[in-house]
Structures are given as structure tokens and as C-alpha cells.
Amino acid sequence: MEWLLRFCDDHAVPYQRRTAVTYAADEQERSSVEKEHRAAAALGLAVEWRDTLDVPFPHVAATTLAEQAQLDAMDVLAALADQLRAHGGTLHQGHRVRSVSKGGRPTVRLEGGETLTADHLVLATGTPILDRGLHFARLEPQRSYVLALDGAGPMEGMYLSAGSDARSVRDAPGGTLVVGGAGHVVGRTDSHLAHLDRLRGWAAKWYPATTETHHWSAQDYGSPDGVPYVGPLWRGDRIHVATGYEKWGMTNAVVAARAISSDILGDLPSWAQTLSGRPSSASNAAEIARINLGVGAAVVTGAVRTARERLPGNAGPAQANQCGIVGVCTHLGGLLKWNDAEETWDCPLHGSRFSPDGEVLEGPATRPLLKRPSAAE
């Protein structure tokens, strides 16, 4: 965090200091907040316990940490791109990677057939697009929803509830209230709009004087132990990955960049060892099993629905036919679900997403959906 804020100071990127608040919305969430408070205090963080907060929504307790920060990621990205160019780097957009060679210097093949060779390759694509690291089987893709609302006053804190159906509440410059939550595993819901409407209902109840100006959703990936995977794709490999940020990408991206660049330069810090080839514990193994049981259930459910040629409350094979595409993911063959909030095809297995006409929006898939032949063909 401090590295990022120093960068912002040096390059005139605006940010706002806020108190971070993890709160219990009800008594069932209290133990989770207490656990976080004890862990933070044990690490020497200056957390404070609160029984009440100056907010309208329900809460029974909270742990707070002052002098945290919020910022607009696009402002930071623009400044980083400027620095890349200032140091002689080049930035090329819109070139999809299809495959990468094994062993030696990585050779990348692009969608148009061109090839590139480098001493090192970094895959920072949400989930790695190369399957040989098996990261897709150790990550759970999650989507969550966000509302931007006008009409709320400024807030002193950044609030996050401790429950599984979390609520994130903060302000943004200009008097905008930002409310997030109502998340789910990618592709495993009958209606994405229902999740968005649930968030709208919460905001309308506790902030009735506000007006929605925008809504969107985001996708992120969680690892079994909550710690990102950062390091070589394989031990000693020249291909590096950074994934599993668990919705904490603002700081975890900096951690990943510092770890990978230090490794390439031959001076890997001791703290970075935790991020790559860590051993699997019993709890990790159980969490990996849970993730893959969910994948297996999605496979079985998809097969049953395909056999019945219908998807209750959702687009199915018939709708895919109307769009002229085959509704099967080009990664590992998952039956796609229609995302009625964003009008995309989402894979319930490993989180790949496609546009209505089949173009890849999100990996690990790298190839567009197959087209159905027309009647004339």
C-alpha cells in the first residue's frame, strides 16, 4: 500500500485517505470480526474496536484501521503506462495470446499467427490462460455487483461486512456513493439481474434519498488459502503468473509485481517465497476439493439441462442456436449460462466469458465459440 501511495504522490495521482471498517451486520458475523480484530492486533496494526458506527445500515460491532486509502485504478494505470513508455517500454493492446512454447525462452503465438520470443513472460490475466500450471483447478471465479448512487453525503470510512453475502460501502469524489456485493460463483445462477436487484433493494432501504447513475459487475479469483499465487508457472520456469487476488488487487498487484521483477533480476525477497510453490495443507486440500466439487456439480447440472433442452429462467441451447453459436466453452467444454445482466455467455466451470456472438471476454479460454452453420450451408 505504501509503495502504491508513494507512486501516486510522485505522479500526481489523486487518492483519498479513509478508515477501513470490517463490520458485523448481525450477531452471526460477530465472531468473524472478532477474529480479524485479534489477528490484526497480533500483527501490530493499530486496529480499534467499535460497538457502533455512524451509518444507517444494520451493524452490531466493527474493527477499524485508520489511514487506509481508496483510489481510481484507471488513474493509476494511466500513470504506470506513462512510466513504462518513459523508461523505453512499449505497450501493445488488442493482441490475444493463443499458446506459449514449453521450455527455454518463451515463444508466444498470437491470434493472428504472429510469434514473439522473450527472456521472460508474465501472465497477469485474471486466471492464467495456460492450463499446464493447473491454476484453473485451484481458483474459484467470483462475480460481484456494484452500484453508483448520487445524493449521499461524504463518508469517513470504507465499510465491508464480514458475511458471505458481503456489502461494501464507500464514497467517491464528487458525492457518489458506491455500494457493492451480492456476489456468486461465475455462471452458477439462474438470473444475474436478481443479484443486481437484491443489491438495489438493500441500497434503496438504507439510502432511500439516492439515485442510481451506474451499475456494473467485476470478476476476481480466490485461492484455497486466500493467498495469491505469484511466481513461476513451474519451478524454474521463465513464465510467471500472478493470480488469486481475492478482490484485493490494488495492493496484491503491487506485491506480485515486486515479487516477479525481483525474481527475474535474481534477488527474490524472503517474503515472496510464500506466494509461489507453497505446500498444500489439509485445509487447502479440503478447499480445493470443495472448488472442484462445485465444478463437477456444474458439469452434471449442465448435462441434465442439455438433455432436457431447456434452462429454467435462463438462456439455453435454443437461445444459443438463435445467436448462431455453440453454447459450449472452448476451454474444457462447460455448458455456458446466459448472463442477463451483462448479456454475455458465462462458463460455470472456470469462469470464461464470451460476448453474445462468441468472442472471448475473459479466460482461461483463448478461442471464440464455435459458430453454427446456417441453414444455407
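**Close-up views of a predicted model**

View 1. Once the residues within four places of it in sequence are left aside, H37 has contacts with V47, E48, W49 and T63. H37 itself belongs to helix α2, which covers residues 27-42. Its relative accessibility is 18%, and because buried means under 20%, H37 counts as buried.

**View 2. The crossing of helices α1 and α3.** Helix α1 (residues 2-10) and helix α3 (residues 73-86) have axes that come within 11 Å of each other and cross at roughly 75 degrees. Angles of 65 to 115 degrees count as roughly perpendicular, and α1 and α3 are therefore roughly perpendicular to each other. On the α1 side the contact is made by L4, F7 and C8, and on the α3 side by V76, A79, L80 and Q83. Sorted by class, the residues of this contact are six nonpolar and one polar, with no charged residues.

**View 3. The largest nonpolar core and the residue L177.** This core comprises 21 residues, of which Y23, F57, Y159, V169 and L177 touch the most other members. At least two residues each are supplied by β1 (15-24), β8 (140-150), β11 (176-185) and α4 (192-206), and α4 gives the most, with four residues. When residues up to four places away in sequence are not counted, L177 touches L147, A148, L149, A152, M155, V169, R170, D171, Y207 and T210. In soluble globular proteins, nonpolar side chains tend to be buried together.

**View 4. Confidence along the predicted model.** The protein averages a pLDDT of 88, and 86% of the residues score at least 70. Among its elements, strand β2 (residues 48-50) has the highest mean pLDDT, at 98, whereas helix α7 (residues 317-323) has the lowest, at 55. Over residues 303-318 the pLDDT is below 50, and this stretch has 21 contacts in the model beyond near neighbours in sequence.

**View 5. The protein as a whole.** The protein has seven helices and 18 strands, and of its 377 residues 43% count as buried. Among contacts with a separation of 6 or more, 62% are accounted for by residues 24 or more positions apart.

How values were computed: Residues are numbered from 1 along each chain as its sequence is written. This is a predicted model: local features need pLDDT of at least 70, side-chain atom pairs count only at pLDDT 80 or more; totals for chains, interfaces and linings use all residues. Side-chain values use heavy atoms; hydrogens and water are left out. Axes are lines fitted to C-alpha atoms, for helices over the stretch in contact, and angles run from 0 to 180 degrees between N-to-C directions. Angles under 35 degrees count as roughly parallel, over 145 as roughly antiparallel, 65 to 115 as roughly perpendicular and the rest as oblique. Contact means heavy atoms within 4.5 Å. Ala, Val, Leu, Ile, Met, Phe, Trp, Tyr, Cys and Pro count as nonpolar, Asp, Glu, Lys and Arg as charged, and the others, Gly among them, as polar. pLDDT is the predictor's confidence in each residue, from 0 to 100. Buried means under 20% relative accessible area, exposed over 50%, partly exposed in between (1.4 Å probe, protein chains only). A nonpolar core is a set of buried Ala, Val, Leu, Ile, Met, Phe, Trp, Tyr and Cys residues joined through side-chain atoms within 4.5 Å.
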